[in-house]
Amino acid sequence: MTNVSIYSASPVAAAGFAAIIGGIEGFRLSGTWSALGPLEEHVRTERPDLLLLELTPAVTLDVIRRLLSAVPAPALILSVGAAPAEFISQILGLGVRGVLGRNSSVEFHTKCFCEVAAGTMWVDPEIGRRLLLTDRIALTPRERQLMGLLAQGLRNKEIAWSMGISEGTVKVYLSRLFTKVGASDRFELALLALRNVVAGGASVPERDRDRSVPFQIPRFVSRERAESVAR
Amino acid sequence: MNSPAASPVLICDTQPVSIEGLKGLLENCADLCYAGGICSLAAAFDMIQSASPAVVVIDKALGISAIIDWLRRLSAAETKTAAVVWGLGITEAEALRLLQAGARGVLRRTARPDLLITCMRTVISGATWIEDGIFGEPEKRTDPRRPQLTPREHEVVELVGQGLRNREIARRLGIQAGTVKIHLKHIFEKTGVRGRYGLALNGLREKGAISLTTI
């Protein structure tokens, strides 16, 4: 018997998830939650096999990491709305086993639950397609620091001062970053940094953190190739 | 199962799971019945014309501007169908615009299922129903020093946030690049934000897409 728990901010959506789970043989709903605190407590004590999280602003990477650190860890499925591909590639990196879209069909939900319960990974095809169009770019510690400062909106002179280097060196770093990530100006680079901060949030592992920067940029930034914009 | 007098409810939602949830909810109400679930406003309009349900439930994620145009069209068509709009977050200003356009019920997706049922029953009876707390809630954005942006300016801000250039924004909105610049100038003046980068940052922050919580 697979025990499934659900977290959703919307009671009606939770009822929908519950109905889908009720229709799968061998699945049992162990409860629905609309707050993360009680959910985490439940995961620790009741140990559900499968956990479905609907993405809300409260669900940060730290929350996901905590949920996955439970012993034994539940197989985690996330239902994401308009989350950027950068975020999705990071949650998969954390060990999330299934990704559903807000607009995924009921059949896809059933399929995802069954596959993940059987130990396979399952990503909604539409989201998977977007992920395939996402590049992962490795950054050096200094580059991450600089991107963090850029994301704060600092000027070159201010960045130079914060990093203890000259303004010329900042420019050298910047032009190398433009080529590396394929951004054509600092605005585009800063936006990319922000989208990865969104994903990174307060969730960069301890050893990767740079306390002098409020924005933490992960070691790998992801960049979704925007087909629609290029046209 | 449903009595012949049950009022049919049409659901227009971007999330199939919510349609499923609502369907289950309606099955437990003798006076309401499920008339169908679709995910496009155009299809909903056609279904209203042909089947004239008592209520149509609209998902705000379909886009507030599109919904408002659609509601106006619905009022002009003089149908008897009452529209209820629900979304994850609805501000007072948005609720007002929706009601002015002809929506009869407004509530949040976080509402308890029985409230949604109450809402549907109320609009069927001819009254208007708004969830407690949508009006009169202190809104973060109503700062007297920051005049409201026009809907067009909001669109420009949105596109800037996606990283589009002026020329691309112009093409997207079907206006001249020069007009985009004028919009931007007004946006900068109204918001006091410095440069398009700051604008994008502010936009993301307001959407709750990024948090500045330090570690």
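Leaving aside residues up to four places away in sequence, A:Ile6 touches A:Ala14, A:Phe17, A:Ala18, A:Thr32, A:Trp33 and A:Leu52. The model is predicted. A:Ile6 belongs to strand 1 of chain A. It has 27 C-beta neighbours inside 10 Å and therefore counts as buried, the cut-off being 20 or more. A:Leu52 lies 46 residues from A:Ile6 along the chain, yet the C-alpha atoms of the two are separated by 4.8 Å.

Strand 1 is part of a sheet in chain A. Six strands form this open sheet, in the order 2-1-3-4-5-6, and the pairing is parallel. Strand 2 (27-33) and strand 6 (122-123) of chain A are the edge strands, each pairing on one side only. Strand 1 (residues 2-7) pairs with strand 3 (residues 50-54) of chain A in the parallel sense, over 4 bridges. Within that strand 3, A:Leu51 is the bridge partner of A:Ser5.

Helices of chain A cover parts of the sheet's strands or pack on them. Helix 2 (residues 36-46) of chain A packs on the sheet and touches strand 1, strand 2 and strand 3 of chain A. The direction of helix 2 makes about 145 degrees with that of strand 2 of chain A. Helix 5 (residues 106-117) of chain A lies across strand 1, strand 2, strand 3, strand 4 (75-80), strand 5 (98-101) and strand 6 of chain A. Helix 5 runs at about 175 degrees to strand 5 of chain A.

The average pLDDT of chain A is 86, and 90% of the residues score at least 70. Helix 5 of chain A has the highest confidence, at 95, while helix 11 (residues 227-230) of chain A has the lowest, at a mean of 47. Where pLDDT is low, predicted coordinates should not be read in detail.

Helices also pack on each other in chain A. The axes of helix 4 (residues 85-94) and helix 6 (residues 125-132) of chain A are 10 Å apart, at an angle of about 100 degrees. The two helices of chain A, helix 4 and helix 6, are therefore roughly perpendicular to each other. Helix 4 contributes A:Ala85, A:Ile88 and A:Ser89 to the contact, and helix 6 contributes A:Ile127, A:Arg130 and A:Leu131. These residues divide into 4 nonpolar, 1 polar and 1 charged.

Chain B has 9 helices and 6 strands. Of its 215 residues, 32% are buried. Among contacts in chain B with a separation of 6 or more, 64% join residues 24 or more positions apart. Helix 7 (residues 166-173) and helix 8 (residues 177-191) of chain B pack at about 105 degrees, with axes 8 Å apart. Helix 7 of chain B is therefore roughly perpendicular to helix 8 of chain B. The contact involves B:Asn166, B:Arg167, B:Ile169 and B:Ala170 of helix 7, together with B:Ala177, B:Thr179, B:Val180 and B:Lys181 of helix 8. The residues of this contact comprise 4 nonpolar, 2 polar and 2 charged.

Some backbone features stand apart. Most residues other than glycine have a negative phi, and most peptide bonds are trans. A cis peptide bond joins A:Val71 and A:Pro72, with omega about -10 degrees. A:Pro72 sits in the loop between helix 3 (61-68) and strand 4 of chain A. B:Ser52, not a glycine, has a positive phi of about 30 degrees. B:Ser52 occupies the loop between helix 2 (41-51) and strand 3 (55-59) of chain B. B:Glu78 has a positive phi near 50 degrees. With 6 other C-beta atoms within 10 Å, B:Glu78 is exposed.

Notes
Residues numbered from 1 in each chain as written. Chains lettered and ligands numbered in written order. Predicted model: local features only at pLDDT ≥ 70, side-chain atom pairs only at ≥ 80, totals over all residues. Axes fitted to C-alpha atoms, helices over the stretch in contact; angles between N-to-C directions. Parallel < 35°, antiparallel > 145°, perpendicular 65-115°, else oblique. Contact = placed C-beta atoms within 7 Å. Nonpolar A, V, L, I, M, F, W, Y, C, P; charged D, E, K, R; others polar. Buried ≥ 20, exposed ≤ 12 C-beta atoms within 10 Å, placed from the backbone. Pairing = 2+ DSSP bridges. pLDDT = per-residue confidence, 0-100.
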